Structures are given as structure tokens and as C-alpha cells.
Amino acid sequence: MSNTNQINGSSSEFATFGAIHLNNTNLEKSALFWTDIVGMKLKKSSGKTAEFGTETQTLVVVHETAKTHFQKGYSGLYHFAIHAPNEPEFARMLNRLIVHNYTFSPTDHTASKSLYLDDPDGINVEFTLETPERFKRVITEGGLKMEGTDGIIRSASERLDLNNIMKALKDKDVNNPISNDSYLGHLHLYVDNVKNSNVFYKQIGYIESNYLPQYMFADLGAGGNYTHRLAINSWHGMNRPLVPIESAGMKHFQINYNSKKKLNQALHNVSVHEEDNGYWVKDPTGNTLILKLA
């Protein structure tokens with residue numbers, strides 16, 4: 001399965017993500033993580049800021065502005081995901097973690113295959129391979145479950161078969177960077193109120209996929225087959241304040257709209273502050289995002 005067209009925007013999706021900006025405590029440690037463990041290239045470094053990504057695009061920008069590691073129990077970032085364009089590239093992501101003996105959690109969500117790991121400050125990062133062709137529906141009775149197109153009902157977070165993933169590995173050289181076709185494919189946020197945040201993200205164009213208030217969870221898509229582009233939950237507790245500014249976490253993220261019409265529709269529905277690099281918005285929780293034309 002290939003998702004190469006996601007980088008510049010699939011014809012069926014109205015928007016993609018730009019780079020995510022993070023607050024970290026130590027730029028040197030962050031640089032080692034993003035280059036050695038994740039396999040990105042250091043694209044630019046200036047003072048207390050560094051940009052990481054592929055040869056062709058910046059995916060993560062790190063700012064050494066935090067004084068404490070990631071603090072749990074607050075609203076803000078839950079995790080964000082770097083998506084592999086195909087199975088061999090996902091296997092390379094896995095192989096790099098194994099070679100470096102880096103702790104991770106392998107999870108099969110049916111609609112995707114995932115590897116979860118923490119950066120040096122405790123910010124959770126996910127490596128993802130989209131597999132929407134395996135997914136049929138979500139089952140909410142008696143706990144969250146996934147029914148696959150094979151008819152089998154599984155846990156929403158089944159353990160991923162790593163041996164099967166490694167069968168696709170072709171390039172074993174961990175010094176080679178991640179594919180240029182890798183991309184920031186989804187974002188998962190802690191919010192103070194799922195209902196209010198779900199309404200907000202629909203106002204800026206996202207399409208509701210699952211709205212499960214009984215599980216304090218919702219996710220939304222951008223018009224393509226993979227409908228988990230933006231997810232929100234209140235598993236950390238309802239009405240929790242935004243993470244303190246001195247804590248490691250997300251500074252802001254960016255949404256690139258593929259058409260001026262879609263961007264204008266979003267801008268019409270929310271309060272924005274225009275700057276040279278786009279339109280700055282805060283969601284109901286206080287998370288900061290930039291809306292702009294791709």
C-alpha cells in the first residue's frame with residue numbers, strides 16, 4: 001500500500017499537516033532522537049531551534065524552551081504520528097528501533113499498524129502504517145473493538161505482529177534516513193471537552209468519523225479512506241487546563257488546505273489572527289494551530 005500522494009495532499013483529502021512545533025528541554029538530546037532513533041535529517045539549526053524531516057520537507061521543529069519534561073494530567077498533545085508510505089518503509093522504522101534497542105509499544109489498530117515511543121522529554125510519538133483496507137467498523141458494546149474486513153473482531157489495540165512486519169524489510173542500513181515520502185499523518189490531542197472540540201474541528205472542515213462521548217473520544221478525517229487524521233480525547237480528565245508553558249510538549253501545529261475555498265470556509269467559522277506565515281487559531285482547549293494554503 002502506498003500513500004505517497006498524501007505528502008502534497010491526496011485529491012480526495014482537503015488538507016494535510018505541516019510541521020509540528022515542540023517545546024523541549026535539551027536540543028542536543030532531541031537532535032539525537034530525531035536523527036538516530038527516528039531517522040530524520042537535521043535540516044536547519046539556529047540558536048535554540050532545530051528543524052528535522054526528510055530531504056524534501058520539514059516534519060518537526062524543536063524549540064529548546066521548556067524547563068520540565070512532559071507533564072501528564074494536562075490538556076494538550078497526546079501524541080502525533082509519522083506515517084510510513086508503505087510496508088518496507090514501516091519495517092525500516094521498526095528495524096531502527098530494534099537495532100538501537102529503543103523502548104517502544106507495538107500496536108495493531110486494524111485501520112493502522114503502530115509503534116509508540118517517547119522522545120527524551122516524554123513526548124509520545126507514533127510511527128504508523130495506514131491500513132484502512134483491513135478495517136470494517138468500530139464496535140462500542142462491551143468496550144471498544146474493531147471488526148476487520150476479514151470478519152474478525154479484535155481489541156481496539158491488539159498487539160502488533162512484529163515478525164510479520166519484518167518480512168517486508170529490504171533496507172537494513174539504519175544510517176539511511178527515512179523515506180522522502182514519510183509524512184506527518186495524524187494528530188491526537190488531549191482536550192478539556194470532547195463535544196466542544198469535535199464541533200470546532202468540524203467547523204474548520206474535518207469530517208466526523210467516530211464521536212463516542214461515552215468513551216470521551218472522537219476522531220475526524222479529511223475526506224480520504226483513512227479517517228483518523230485528527231483525534232481528541234479527555235482520558236486525562238474533563239476540564240483539565242492546558243499544559244504549562246514551561247513544560248515540554250506541543251507549541252503549535254499547522255494545517256495546509258489544498259484549496260483557497262476550503263481555507264476560506266474554515267476562516268469564516270472561527271476567530272483568527274493573521275500573520276505572514278498563516279492564520280493563527282486556538283481550539284476550545286487552547287491548543288494553537290496555523291491554517292494556511294498549501
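**Strands, loops and a surface patch**

User: Hey, in which sense do strand β11 (residues 145–148) and β12 pair, and over how many bridges?
Analyst: Strand β11 and β12 pair in the antiparallel sense, over 3 bridges. Strands here are DSSP runs of E with at least two residues, helices are runs of H or I with at least four, and both are numbered from the N terminus. Two strands pair if DSSP finds at least two bridges between them.

User: Where do these models and numbers come from?
Analyst: The model is predicted, so local features need pLDDT of at least 70 and side-chain atom pairs count only at pLDDT 80 or more, while totals for chains, interfaces and linings use all residues. Residues are numbered from 1 along each chain as its sequence is written, and side-chain values use heavy atoms, with hydrogens and water left out.

User: Back to β12: what is the bridge partner of Lys-145 there?
Analyst: Lys-145 has Ser-155 as its bridge partner in β12.

User: And which strands make up the sheet with β11?
Analyst: That open sheet has 3 strands in the order β10-β11-β12, with antiparallel pairing. From one strand to the next, the twist averages 30°. Angles like this run from 0 to 180 degrees between N-to-C directions, using axes fitted to C-alpha atoms, for helices over the stretch in contact.

User: New topic: what's up with the phi of Asn-101?
Analyst: Asn-101 has a positive phi, near 55°, though this residue is not a glycine. Most residues other than glycine have a negative phi. Asn-101 sits in the loop between α2 and β7 (105–108).

User: Asn-101 and Thr-110: which one is buried and which is exposed?
Analyst: Asn-101 is exposed, with a relative accessible area of 69%, while Thr-110 is buried at 1% relative accessibility. Buried means under 20% relative accessible area, exposed means over 50%, and partly exposed is in between (1.4 Å probe, protein chains only). Thr-110, in the loop between β7 and β8, also has a positive phi, of about 70°.

User: Which residues form the nonpolar patch on the surface?
Analyst: Met-216, Trp-235 and Met-238 do, with about 280 Å² of accessible area together. Patch residues have over 30% relative accessible area and no salt bridge; like charges are joined within 9 Å and nonpolar side chains (Val, Leu, Ile, Met, Phe, Trp, Tyr) within 5 Å. A salt bridge is a side-chain nitrogen of Lys or Arg within 4 Å of a carboxyl oxygen of Asp or Glu. Areas come from the Shrake-Rupley method with a 1.4 Å probe, and for residues only the protein chains shown count as cover.

User: And where is Met-216 found?
Analyst: Met-216 is in the loop between β15 (207–212) and β16 (217–221). Met-216 is partly exposed, with a relative accessible area of 31%.
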